[in-house]
Amino acid sequence: WEQLPSIDLYMDQLLVYIANSLGAYFACTGTAGLTKSMVNNYVKVGMIPRPTGKKYDRDHLAMLIMIGVLKQALSMESISRLLEVICRDGIQEGYDRFRMMTESIDQSAKIGRVELQGSGESAGEQALRSGIMAALCTIRTCRLLEADKRMNA
């Protein structure tokens with residue numbers, strides 16, 4: 001959370017920040033990066049809050065980063081439902097939980113030991129874990145295929 005910019009950003013700045021943060025995910029999986037139309041649509045359907053005076057704050061950035069990762073494997077409907085669950089106690093808390101779970105799954109995957117559920121997790125937390133794992137698996141698959149392609153070229 002503390003690594004997100006503390007100043008509000010205009011749309012163009014927001015898109016550059018997200019591209020710099022998640023560009024490798026988008027490029028690897030061949031999905032479109034974040035566009036102005038996408039952000040406007042997320043606001044329109046209520047997935048993210050409306051900007052204040054055309055400026056986007058940390059809440060927006062956190063939500064868009066989570067959307068950007070999860071969209072690698074999940075539908076917008078599923079992502080919307082997940083965001084409601086994980087941000088129930090606030091966006092900062094949801095983002096911190098998302099980030100910690102993502103890092104935990106990534107570290108577990110590196111040693112070949114990924115668990116489908118953590119002990120005592122609620123159904124919502126299990127859904128989040130599964131969604132993150134699906135996105136990370138999609139990204140890992142793309143990276144491995146790219147590495148194989150380079151080796152066999």
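Colleague: At what angle do the axes of helix H3 (residues 58-70) and helix H4 (residues 76-86) cross?
Modeller: This is a predicted model. In it, the axes of H3 and H4 come within 10 Å. They cross at roughly 135°.

Colleague: Why is H3 called oblique to H4?
Modeller: Angles over 145 degrees count as roughly antiparallel, and 65 to 115 as roughly perpendicular. The crossing of H3 and H4 is at roughly 135°. That makes H3 oblique to H4.

Colleague: Is the crossing of H3 past H4 right-handed or left-handed?
Modeller: H3 contributes Met-63, Met-66, Ile-67 and Leu-70 to the contact, and H4 contributes Met-76, Ile-79, Leu-82, Leu-83 and Ile-86. By class, there are nine nonpolar residues, no polar and no charged ones. The crossing is right-handed.

Colleague: How do the residues of the contact of H4 with H6 divide by class?
Modeller: H4 and H6 pack at about 130°, with axes 10 Å apart. That makes H4 oblique to H6. From H4 come Leu-82, Val-85 and Ile-86, and from H6 come Gly-124, Ala-127 and Leu-128. The division is five nonpolar, one polar and no charged.

Colleague: What is the handedness of the crossing of H4 and H6?
Modeller: H4 and H6 pack with their axes 10 Å apart. Their crossing is left-handed.

Colleague: Which residues touch the most other members of the largest nonpolar core?
Modeller: Take the contacts of Val-39, leaving aside neighbours within four places in sequence. Val-39 then meets Met-11, Leu-14, Leu-15, Leu-34, Ile-48, Tyr-56 and Leu-64. Within the core, the residues touching the most other members are Val-39 and Leu-64.

Colleague: Is Leu-14 buried or exposed?
Modeller: Leu-14 lies in helix H1. Not counting residues up to four places away in sequence, Leu-14 touches Leu-9, Val-39, Tyr-56, Leu-61 and Leu-64. The cut-off for buried is under 20% relative accessible area. Leu-14 has 0% relative accessibility, so it counts as buried.

Colleague: What separates the C-alpha atoms of Leu-14 and Lys-44?
Modeller: Leu-14 sits in helix H1. Along the chain, Leu-14 and Lys-44 are 30 residues apart. Their C-alpha atoms are separated by 17 Å.

Terms used: Residues are numbered from 1 along each chain as its sequence is written. This is a predicted model: local features need pLDDT of at least 70, side-chain atom pairs count only at pLDDT 80 or more; totals for chains, interfaces and linings use all residues. Side-chain values use heavy atoms; hydrogens and water are left out. Axes are lines fitted to C-alpha atoms, for helices over the stretch in contact, and angles run from 0 to 180 degrees between N-to-C directions. Helices (H or I, at least four residues) and strands (E, at least two) are DSSP runs, numbered from the N terminus. Angles under 35 degrees count as roughly parallel, over 145 as roughly antiparallel, 65 to 115 as roughly perpendicular and the rest as oblique. A crossing is left-handed if the near helix is turned anticlockwise from the far one by less than a right angle, and right-handed if clockwise. Contact means heavy atoms within 4.5 Å. Ala, Val, Leu, Ile, Met, Phe, Trp, Tyr, Cys and Pro count as nonpolar, Asp, Glu, Lys and Arg as charged, and the others, Gly among them, as polar. A nonpolar core is a set of buried Ala, Val, Leu, Ile, Met, Phe, Trp, Tyr and Cys residues joined through side-chain atoms within 4.5 Å. Buried means under 20% relative accessible area, exposed over 50%, partly exposed in between (1.4 Å probe, protein chains only).
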